[in-house]
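Biologist: I would like to go through this model residue by residue. Please show the sequence and the structure before we start.

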Amino acid sequence: MSFEILLPVDDAVVAHTALLSEQSLGKNVTMHSKQLGVPEIEIAQLAIIGVLEDRNTVDNFGSGKDLSAVRKNLYELYNGNWFANIIDLGNIPPGNEVEDTYFALREILEILIKKNIVPVIIGGGQDLTYANYRAYDNLEQTVNLTVVDNKFDLGNIEEEISATSYLSKIVMEKPNNLFNYSNIGYQTFFNSQEEIDLLSKLHFDAYRLGEVASNVKLVEPIMRDADIVSIDIGAIRKTEAPANNNAVPNGFYGEVICAISRYAGISDKVSSFGIYEYNAKFDDQDQTAQLIAQMIWYFIEGYNFRINEYPFTSKKDYKKYIVLVEDTTIHFFKSNKSDRWWMEVIHQNNKSQKRTLIPCTYDDYLMAGNQVVPERWWKTFRKLN
């Protein structure tokens, strides 16, 4: 099955792109069209794919049905000084059952990720994050999932999967490949205290909207450790992104969500990126489509600035700092290339000692110097031991 089920990019988008400047992004993307068919994936480092599935959305039916405005606005933007080859695979149509769509998306993503091609997914409901996660089942690796959303979407294991109850399936169902979940931009009044406490007990990470909005640099080490990034446009304030029936007054501004997208792109570890819950029928003058296009542009730009620091290339590329915090010794590493920081967590694994490097910030190093063990070190240590 896989690629033969894909629908080509709409003729209107292909025709629109043909009229654009040679310097536009659209003229530098190989598209799946009726005339040319599915492009060869071997040529690509990045692959755009739409998913026309809305049946498990909650109060946002119609999301993902028309992605033409997103593509038109994306392809009108000018290409950066980029090296990456980009293909547009077109759209996955809804299957007979929602599970058929999940299966198709999972299968296609698995093929792309195995070939080191980063998929950029435009949905559709955020429940598609579940299918994205399942694409890693056969890759023999643990997975770190980072979600930008004003809600945790936990639900419970007994509920049917939906855009507001997919996370419990990811956490509980086997095979369980999830190592860490991070939420960026949650709003406390949309999440019960029970859910907040549960995330804390699981040693997962959650960052409130105000915390991130006032210091977006907090996102960089989170994205540096992510494999999957899933963005619900409901995390963006309604005045910036109205094309979502669940849009609310508070949320990220456009420039902040674009900075978050760039941090995701620049991470050497992020291997799939999705933007969900876009509903064209609520889009006033294509405002949300323009913002999503710019988010994707910033992700692509970030990708083109990757410098392959993960995993460590050579110890000579890093400065090592050793900090004793009470009876705990923490090793910090600073990159000579980017000035980014990591710290080492030492733990027991089958009666042997193992060392795990996790991204951190200069502030974590300063905190350790002030005799306080960084919270991200403690959470990782507890999960590994």
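Biologist: Leaving aside neighbours within four places in sequence, which residues is Ile122 in contact with?

Modeller: This is a predicted model, and Ile122 sits in strand β4, residues 118-122. Its C-alpha lies 7.4 Å from that of Gly64, although 58 residues separate Ile122 and Gly64 in sequence. Apart from its sequence neighbours within four places, Ile122 is in contact with Ile48, Ile49, Gly50, Val51, Leu67, Val70, Ile275 and Ile296.

Biologist: Is Ile122 buried or exposed?

Modeller: The limit for buried is under 20% relative accessible area. Ile122 has 1% relative accessibility, so Ile122 counts as buried.

Biologist: How many helices and strands does the protein have, and what percentage of its residues count as buried?

Modeller: The protein has 12 helices and 13 strands. Among its 385 residues, the share that counts as buried is 56%.

Biologist: What radius of gyration does the protein have, beside that of a compact globule?

Modeller: The C-alpha trace spans about 65 × 45 × 40 Å along the principal axes. For 385 residues, a compact globule would have a radius of gyration near 21 Å, and the protein agrees with this because its own value is 21 Å.

Biologist: Which side chain makes a polar contact with the side chain of Asp227?

Modeller: Asp227 belongs to the loop between α8 (219-224) and β8 (228-232). Asp227 is at 4% relative accessibility and therefore counts as buried. Beyond four places in sequence, its contacts include Tyr136, Gln141, Asn144 and Ser271. The polar contact, at 3.0 Å, is with the side chain of Lys269.

Biologist: Which residues does Glu220 touch, not counting those up to four places away in sequence?

Modeller: Glu220 lies in helix α8. Its relative accessible area is 14%, so Glu220 is buried. Not counting residues up to four places away, Glu220 touches Tyr263 and Arg340.

Biologist: Which residue has its backbone oxygen 3.0 Å from a polar atom of the side chain of Asn150?

Modeller: Asn150 is placed in the loop between β5 (143-148) and α5 (167-172). With a relative accessible area of 5%, Asn150 is buried. Among the residues Asn150 touches beyond four places in sequence are Gly185, Tyr186, Phe190 and Val248. The backbone oxygen at 3.0 Å is that of Gly234.

Biologist: Where is Lys320, and which residues is Lys320 in contact with, leaving aside its neighbours within four places in sequence?

Modeller: Lys320 is in strand β10, residues 318-325. Its relative accessible area is 48%, so Lys320 is partly exposed. The C-alpha atoms of Lys320 and Lys27 are separated by 45 Å. Outside four places in sequence, the contacts of Lys320 are His331, Phe332 and Phe333.

Biologist: Which peptide bond is cis, with omega near 0 degrees?

Modeller: The proline concerned, Pro175, is in the loop between α5 and β6 (178-186). The cis bond runs from Lys174 to Pro175.

Biologist: What is the phi of Asp339?

Modeller: Asp339 is found in the loop between β11 (328-335) and β12 (341-349). Asp339 is partly exposed, because its relative accessible area is 49%. Asp339 is not a glycine, yet its phi is positive, at about 65 degrees.

Biologist: And what is the phi of Gln371?

Modeller: Gln371 is in the loop between α11 (362-369) and α12 (375-384). At 40% relative accessibility, Gln371 counts as partly exposed. Gln371 is a residue other than glycine with a positive phi, near 70 degrees.

Biologist: How far apart are the centres of the positive and negative side chains?

Modeller: The accessible surface comes to about 16,900 Å², with 49% of it belonging to carbon and sulfur atoms. There are 37 positive and 52 negative side chains in the protein, and the centres of the two sets lie 7 Å apart.

Definitions and conventions: Residues are numbered from 1 along each chain as its sequence is written. This is a predicted model: local features need pLDDT of at least 70, side-chain atom pairs count only at pLDDT 80 or more; totals for chains, interfaces and linings use all residues. Side-chain values use heavy atoms; hydrogens and water are left out. Helices (H or I, at least four residues) and strands (E, at least two) are DSSP runs, numbered from the N terminus. The radius of gyration is taken over C-alpha atoms; the globule rule is 2.2 Å times the number of residues to the power 0.38. Buried means under 20% relative accessible area, exposed over 50%, partly exposed in between (1.4 Å probe, protein chains only). Accessible areas come from the Shrake-Rupley method with a 1.4 Å probe; for residues, only the protein chains shown count as cover. Lys and Arg count as positive and Asp and Glu as negative; His and the chain ends are not counted. The place of a charge is taken as NZ of Lys, CZ of Arg, CG of Asp or CD of Glu. A polar contact is a pair of N or O atoms within 3.5 Å; within protein, one must be able to donate a hydrogen and the other to accept it, and residues adjacent in sequence count only if both atoms are side-chain atoms. Contact means heavy atoms within 4.5 Å.
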